[in-house]
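Subject: Structure handover

Hello,

Here is the structure, with notes on what was found in it below. Please read them with the model open.

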Number of protein chains: 2
Amino acid sequence: MVTIAVDAMGGDHAPHNVVQGALACVRDARCDFRVLLVGREDAIRAELPATIPEAVSIRHTDDVVEMNDPIASALKSRKQSSMYRGLEWHRDGDVQGFISAGNTGAVMALSTLLLGRLPGVARPCIGTFLPSSRGPVLLIDAGANVDSKPLHLAQFGIMGSIYTELVMERSSPNVGLLNVGEEKSKGNDASIAAWPLLQAAPIRFIGNIEGRDILKGTADVVVCDGFTGNIILKFAESFPGLLKSKFYDYAERGLVQKLWVGLIARTIKNMIKDWDYQEYGGVPLLGVNGISIIGHGSSSPRAIMNMIFAAKHMVDRRVNESIREAMTSQQSPT
Amino acid sequence: MVTIAVDAMGGDHAPHNVVQGALACVRDARCDFRVLLVGREDAIRAELPATIPEAVSIRHTDDVVEMNDPIASALKSRKQSSMYRGLEWHRDGDVQGFISAGNTGAVMALSTLLLGRLPGVARPCIGTFLPSSRGPVLLIDAGANVDSKPLHLAQFGIMGSIYTELVMERSSPNVGLLNVGEEKSKGNDASIAAWPLLQAAPIRFIGNIEGRDILKGTADVVVCDGFTGNIILKFAESFPGLLKSKFYDYAERGLVQKLWVGLIARTIKNMIKDWDYQEYGGVPLLGVNGISIIGHGSSSPRAIMNMIFAAKHMVDRRVNESIREAMTSQQSPT
């Protein structure tokens, strides 16, 4: 039976939100697997009911990677942490996947260090979801890397396409290269050189797309370097906050405006609920030799539950096997 | 008396919107300058009233740079166009500024070719406005360049600071470097190397800012390479469209929803009116030895009017003189 390891100490509201998320998961009718809560046993037990569900188990670890630990210190001096040990147990085959809402940089670095890369993968990358008129689109890489070579960009496209097809269940997803113009001659050096590599890849490459095309859903998979992707992601995440501040400003104009804003706020909130990142519940680190799902520090129990299910889907749909196959069947990079 | 040359043939709705914008400008109480309409005389005259305002004059040109002309052909074979001739007259001192809502790539290339760069400026750049909780912020470079070196980024910061101080009238504007983390060690190679150059520049550099900080108005000037800037700009411009599509989707749920959406749409539109790029009316190409304001192809008469006023402000506030001074007082790049 599949077991997913859960970093019970990861996130701003750990272990409470994490344990609640794990409980919601094993109580869900879809749950046909086990959840291993990794962390300080007493702290975890305090969050669990007297009768622990049969599908939940605990494995104690002493230490914790703090949210603001520098990555280097997490790698060196947090070897007894829930994050480090959880990933080691995944590497050793005790569990089939790992999720954490802890320190993002540390999860990425430790996952890459402990799990290693899949054969042929030059750089693991993060795929994240952005809303669009046609449903969520996968932005890849969203920040695992900063300077990306053309080959890296092409591999992001291949991995993103596989993930979208197998986990999002979209057959032959459109893959677009995020750029400053539609023509293949447009862009910076890396994107110009990535174009023919993406064109030759076993994916449905639709060419360059522009910033304005992301929210239209022109591409199911939006390929970019992690520098641009991280900035776009954080920029997009801040959009509801700006709307909210507009609502506050408007409400302050007077009592009528205040009442009116109160009435319409719920409608708007409902309309843009796909901007709520808790719904997606974490993002996959693709290209590592294992399954590592990374969540927002502020992850809700619902987000944690969705992350655990995402890890299980990656096991079931054999995402890494497909990536391995696609990478080894590609020509070796020159 | 200052004269601003206006490319009457530039834009999707030229010459109509351009001529209307010029008329609105000279009828405005603030107008203490002349406007020279450049383009096909008969087409321009057809848009003018029988009695042409005293501050408006026309200079005929035969040719037009089309919106979809490749830049190379605009440079080579459109030497009799309104854009080319207007910029030549600016170079020759007949007029003190130039505005166009035509082919953006062509305006940039021709401005750089014909006006040349200000002494010490390595790369001209485009500053564009994004809304924020604290009023518009200047994103620079928004797409004049694709691959930017550290020195270029530092110069974008200096030019953006000068423009924001003199034209936006914000004293000692905060300048932030758009990056993937706050620490100065974060980012891609170019941004890491740009940090100390910005720190040493005669501006109020507040360090790295992230994508989420743009709409908060943390920085008055957001420095980035033109690749990232162009993608961010076009992404931001597509937000209102996504909201609109959400409204349509909601309205389609039923009659009650339709009526409700009709009621609230006006409020929301009013709230996000600073996302209307017509209000800002074009963006300056900074670093060229002259004044060149570039507008959206879809520019309204109001946008054209604002562009003409922006050009006049750049003359009055001596923006280029300040840039020249800042650049020549900088250490020469090694």
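Buried residues account for 52% of the 334 residues of chain A; buried means that 20 or more other C-beta atoms, placed from the backbone, lie within 10 Å of the residue's own, exposed means 12 or fewer, and partly exposed is in between.

This is a predicted model, in which local features need pLDDT of at least 70 and side-chain atom pairs count only at pLDDT 80 or more, while totals for chains, interfaces and linings use all residues. Residues are numbered from 1 along each chain as its sequence is written, and chains are lettered from A and ligands numbered from 1 in the order in which they are written.

Overall form. Chain A has 13 helices and eleven strands (DSSP runs numbered from the N terminus: H or I of at least four residues for helices, E of at least two for strands).

The sheet. Eleven strands of chain A make an open sheet with mixed pairing, in the order β3-β2-β1-β4-β11-β10-β5-β6-β9-β7-β8; strands pair if DSSP finds at least two bridges between them. β3 (56-60) and β8 (204-209) of chain A are at the edges with a single partner strand each, so one side of each has no neighbour in the sheet. β10 (residues 283-286) and β11 (residues 292-294) of chain A run antiparallel and are joined by two bridges. A:P284 has A:I293 in β11(A) as its bridge partner.

A helix pair. In chain A, the axes of α9 (residues 239-251) and α10 (residues 255-271) come within 8 Å and cross at roughly 150 degrees (axes are lines fitted to C-alpha atoms, for helices over the stretch in contact; angles run from 0 to 180 degrees between N-to-C directions). That makes α9(A) roughly antiparallel to α10(A), the term for angles over 145 degrees. A:F247, A:Y250 and A:A251 of α9(A) meet A:Q257, A:K258, A:V261 and A:A265 of α10(A); contact means C-beta atoms, placed from the backbone, within 7 Å.

The interface. Chain A and chain B each put 35 residues into their contact. On the side of chain A that touches chain B, α8 (226-237), α9 and α10 each supply at least two residues, and α8(A) gives the largest share, nine residues.

Regards

How values were computed: Angles under 35 degrees count as roughly parallel, over 145 as roughly antiparallel, 65 to 115 as roughly perpendicular and the rest as oblique. Two residues are in contact if their C-beta atoms, placed from the backbone, lie within 7 Å.
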